[in-house]
Amino acid sequence: MTLVSSNRRKPTWGWFDSFPFDPARVPFFYGTVVLVCGTLGVLASAPGQTVGVSVFTDFLIDAHELSRSWISFAYLAGTIGSALMISRAGRLYDRFGGRLVSTISATMLAVVLIGMSLSDRIAGAVASLLPESYCDAVSVVVLSVGFFAMRFFGQGMLTLSSRNMVLEWFEQRRGMALAFIGISIAFGFSVTPPIFEWLIQKGGWSWAWRTIAVLVAGFAVVSLCFSRSRPEEHGMLPDGPFAKEGRKAHAETLQGRQFTLAEARRTYSFWVLTFSVVLSGLLLTAFSFHVVSIFADAGMSRARAVAVFVPAACVSVAIEFVGGWLSDFVKLKYLAMVQSAGSLTLAIALTFLDSGASLVFVVVGMGMMQGMFSIVSGVTWPRFFGRTHLGAISGFSTSIVVGGTAIGPYLFSVAHDRTGSYQPATMLCAVCAVALIAASSRADRPV
C-alpha cells in the first residue's frame, strides 16, 4: 500500500498524545474508536444545527418579545458571522489536531448553551442600562452573538474537527467510514427535535438547554480521553490491519503532493464540488425552514409537510450507504453529479408541487441530496488535496457552505414576499443544478 506522508507540525506537548493511554497498545485497530468518537462529535453538534435550534424558536420569540422576522434575522447574522470565521479557524485543526479542537469546541458549545438559556435575562440586564427604546435591539444583538457562537462551535468547528479526524484514520475505507457517520447522523438528527421537545415540555426551554449543555460537556470528556488526531503520531498507519497491501490504489488517491489552501482554491474542481454542496445545503435548509408554508401553498396540511422527512431519511440512508461504498472505487465527480441531480429533482418537484406524484420526487430528491452531502463534502478534500492542510481547505469550503445555508431561507422568503410564490427561488435552484451537473463532468483530481 502506498501511503501519503504528512509534514504537519505536531503539538509541542508529546505527553498529550498518549494521555490517558497509548492507542498503539490496544489489541485492535484504534481507528474504529476514532470513528465512534467522530460520529458522537457530529451528533453532539446537533444543538448548533438548524434541526436543533428550530425547536427553541417560538420560545425565544415569547421570552424576548420579538417578531419571527427579527429572530430569523439574528439567526442569519449569526450564521454568516460563523461562516466568515470557520475558514480561519480550520487552520487550528491543522496545527493542533482533531482531538484538541473537538474537545475545546464541545466545551465551548456547552458554555454557549448555558448562556443561551439565560439570554432573556442577559438582554434584560443590558437593556435596563439603556433607554427603553433599545430593548428590542439589545435582544437582537444578544441572540445574534449567541447564534454565532452556537453555529461556529457546533455546526462549524465541532463538525469539521470530528469528521476530519475520522478521515485521517481511514484511506482505502474512507468512503465507508463516512457512510457510517452519515447513516448514524441521519437517524440521530431525525430524533433530535422530539428529544429536545420532550426536554422543553419537562422543564422549560431554559432548563432544556442547560441539560443539553451537560450532555455536550460529557462528550468533551469522552473526546479528551478517547479521540486521537492522526495514526502516524502513534506509530500507526491509516486503515491499520484493514488496509489491503495488494489492492490497486484508487485512481484519484493523492500520491505525494499536498496542496495548500491557496493552491486548492486555484483549481477548477475545488469550486465545482464546493458549489455542488452549497446548492444542496441551501436548497435543503430553505425547504426545511419553509416546509409548512410551501405545502400550504400547494393545499396540503402541516402534518403532511412534516411527514415528508421520514421517507426522505430512509432514502438518504440507502443512498449514503451505496454512495459511501462506491466512493472508494469511482471518481467523485460522478457522485457530485448525483448530488446535483438530487437538487434538480427537488427543485423541479417543489416548483410544480401538488398532492400527487411530485411528492415522490420531493422524497427522492431530498434523499439523493442528503445521502451524498457528507460523502462529497468529506471525501473530496483529503483525496484531491492531501491531509497536510486538510483543516484549512475543508474549513474554507465549509465556510462557503454555511453561508449558503444562511442565505437559502432568506432567498425563499424574498421570493415569496415579492411574488406570492416560492417558484422563482426553486426555478433558480433548478437552473444552478443543471449548470453544476454539466460543470462536474470536468471536475477531476488536480495534478
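Across the interface of domain 1 and domain 2, the rule finds 0 salt bridges, a salt bridge being a side-chain nitrogen of Lys or Arg within 4 Å of a carboxyl oxygen of Asp or Glu. This is a predicted model, where local features need pLDDT of at least 70 and side-chain atom pairs count only at pLDDT 80 or more, while totals for chains, interfaces and linings use all residues. Residues are numbered from 1 along each chain as its sequence is written, and side-chain values use heavy atoms, with hydrogens and water left out.

Domain 1 covers 25-237 and domain 2 covers 261-441, with bounds from an automatic or database domain assignment. Their C-alpha centres sit 21 Å apart. In all, 32 residues of domain 1 touch 33 residues of domain 2, contact meaning heavy atoms within 4.5 Å. About 2,700 Å² is buried between the two domains, 66% of it from carbon and sulfur atoms; this is the accessible area (1.4 Å probe) that two parts lose on being put together, summed over both. On the domain 1 side, Asp 94, Arg 174 and Met 176 lose the most area, together 17% of what that side buries.

Now for a helix, meaning a DSSP run of H or I with at least four residues, numbered from the N terminus. The buried residues of H12 include Ala 312, Val 317 and Glu 320, buried meaning under 20% relative accessible area (1.4 Å probe, protein chains only). Seen down the axis of H12, the buried residues fall within an arc of 150 degrees, so they line one face of the helix, the arc being taken from the directions from the helix axis to the C-beta atoms. Among what covers them are helices H7, H13 and H14.

Definitions and conventions. Buried means under 20% relative accessible area, exposed over 50%, partly exposed in between (1.4 Å probe, protein chains only). Helices (H or I, at least four residues) and strands (E, at least two) are DSSP runs, numbered from the N terminus.
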